[in-house]
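Keep the structure open as you read.

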Amino acid sequence: MNVLIAIDSFKGTLSSIEGSNIIKQAIVDSGFQGEVIVAPQADGGEGSLDIVKSVLGGDYIDVEVMGPCLTNIKTHYLMVGDKAYIESALVLGYMLNDGLTILNRTSEGLGMVIKDAIIHGTSEINIFLGGSCTNDAGLGMLYALGAKFYDEDNKPLYPLPEIYNSISRIDIEGLYLYKDIKINAIVDVNNPFTGPNGASKTFAKQKGATNEEINILEEGFAHLVDVVKKQFKKDIGNKTGYGAAGGISMALNHFLKAPLIKGSEYFIEFTNLNNIIIEVDFVITGEGKLDKTSFGGKVVSSIIDLAKKNNKEVVLIVGKSDLSSEECTRLGINHLIVVNQEEKDISVLKKTAKKDLYNKSLIYFKDFL
């Protein structure tokens with residue numbers, strides 16, 4: 001009997017590589033005699049860069065840029081030959097939020113990293129989108145790359161979400177400098193830009209937004225839809241995938257012509273899972289929190305679909321689950337391990353995350369295998 005471990009990160013506590021190795025050790029210690037194959041996964045969110053480096057090698061390039069809360073931060077991206085790989089969570093991630101309201105957070109730093117990669121001679125930029133604490137539609141990123149924003153009196157504006165209703169015109173002449181640079185946007189969700197399933201209504205709350213702030217964000221995004229429709233004759237409101245990373249995917253695709261690539265499928269191909277899964281008897285996948293957003297194109301849903309396609313049983317390991325056992329069964333989850341269902345602060349969880357994951361996995365697989 002062989003087993004495949006293909007998990008996502010446990011957000012804020014364990015990377016997919018760390019979690020995979022802990023689960024593997026627990027399975028080995030349980031007395032399992034078969035082969036344990038480890039293929040850590042991501043969907044464009046945190047941990048994406050580490051997986052790419054573990055497969056391709058390359059060099060991390062350190063850079064200091066504007067953080068999401070308008071203070072400088074030190075971060076890095078990966079260069080493999082003349083290709084650059086950028087993880088937005090390392091520039092705009094949840095852990096970089098210092099308490100500034102979501103209406104005043106910016107993606108400007110991501111644009112600064114893109115510029116640095118170009119200075120280092122890249123011919124192709126791959127941007128992993130997910131796990132951002134921003135919800136600025138990528139306008140901060142575009143601003144760093146040379147786009148300009150004006151109100152109805154032709155007064156220049158610095159693009160923060162709180163003033164999006166004031167934007168009347170977008171000058172993209174500065175973006176033409178990047179027309180010959182190939183950019184790929186690897187997205188973690190397929191949600192649209194606006195509406196009940198859009199960036200603001202679906203994800204802003206988990207980024208700390210109040211209901212009032214969510215309404216302001218949604219109104220600002222709706223206003224941007226109108227501006228773009230009027231100025232560029234394009235409707236960006238309902239386009240699939242435009243809600244990723246607080247709408248940064250919209251800016252990359254519409255203004256920089258970057259194709260949107262489904263992150264979970266990107267990493268399935270990148271790690272050769274389509275071939276590996278044929279050789280195993282069951283599949284382990286997992287993430288930090290299981291809820292309805294887990295099935296909007298994220299890792300666990302893609303791995304479950306792949307397992308179903310190959311008639312493999314699925315063991316799902318999660319930090320916490322908001323789904324009932326009936327919902328799990330309906331979604332094709334054969335076995336569910338919940339590491340810590342209690343509500344705990346992330347700082348507390350981080351202290352025991354490795355031990356908790358190991359112990360729960362060991363106990364389960366002693367009986368299961």
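This is a predicted model: local features need pLDDT of at least 70, side-chain atom pairs count only at pLDDT 80 or more; totals for chains, interfaces and linings use all residues.

**A stacked pair**
- Y85 and F128 form a stacked aromatic pair. Their ring centres are 6.4 Å apart, with 15° between the planes.
- This pair links distant parts of the chain. Y85 is in strand 5 (residues 83–87), while F128 is in strand 6 (residues 124–129). The two residues are 43 residues apart.
- Y85 has 6% relative accessibility, so Y85 counts as buried.
- F128 is buried as well, because its relative accessible area is 0%.

**An edge-to-face pair**
- Y266 and F267 have ring centres 5.2 Å apart. Their planes lie at 75°, so the pair is edge-to-face.
- Y266 has a relative accessible area of 17% and is therefore buried. The cut-off for buried is under 20%.
- F267 is buried, with a relative accessible area of 0%.

**A cluster of rings**
- Which residues do ring pairs link into a cluster? They are Y85, F128, Y266, F267 and F270.

**Charges over rings**
- K53 places its charged end over the ring of Y60. The distance to the ring centre is 5.4 Å.
- R169 lies over the face of Y150. Here the distance to the ring centre is 4.3 Å.

Notes
Residues are numbered from 1 along each chain as its sequence is written. Side-chain values use heavy atoms; hydrogens and water are left out. Rings of Phe, Tyr and Trp (its six-membered ring) pair if their centres lie within 6.5 Å; planes under 30 degrees apart count as stacked, over 60 as edge-to-face and the rest as tilted. Helices (H or I, at least four residues) and strands (E, at least two) are DSSP runs, numbered from the N terminus. Buried means under 20% relative accessible area, exposed over 50%, partly exposed in between (1.4 Å probe, protein chains only). A charge sits over a ring if NZ of Lys or CZ of Arg is within 6 Å of the ring centre and within 35 degrees of the ring normal.
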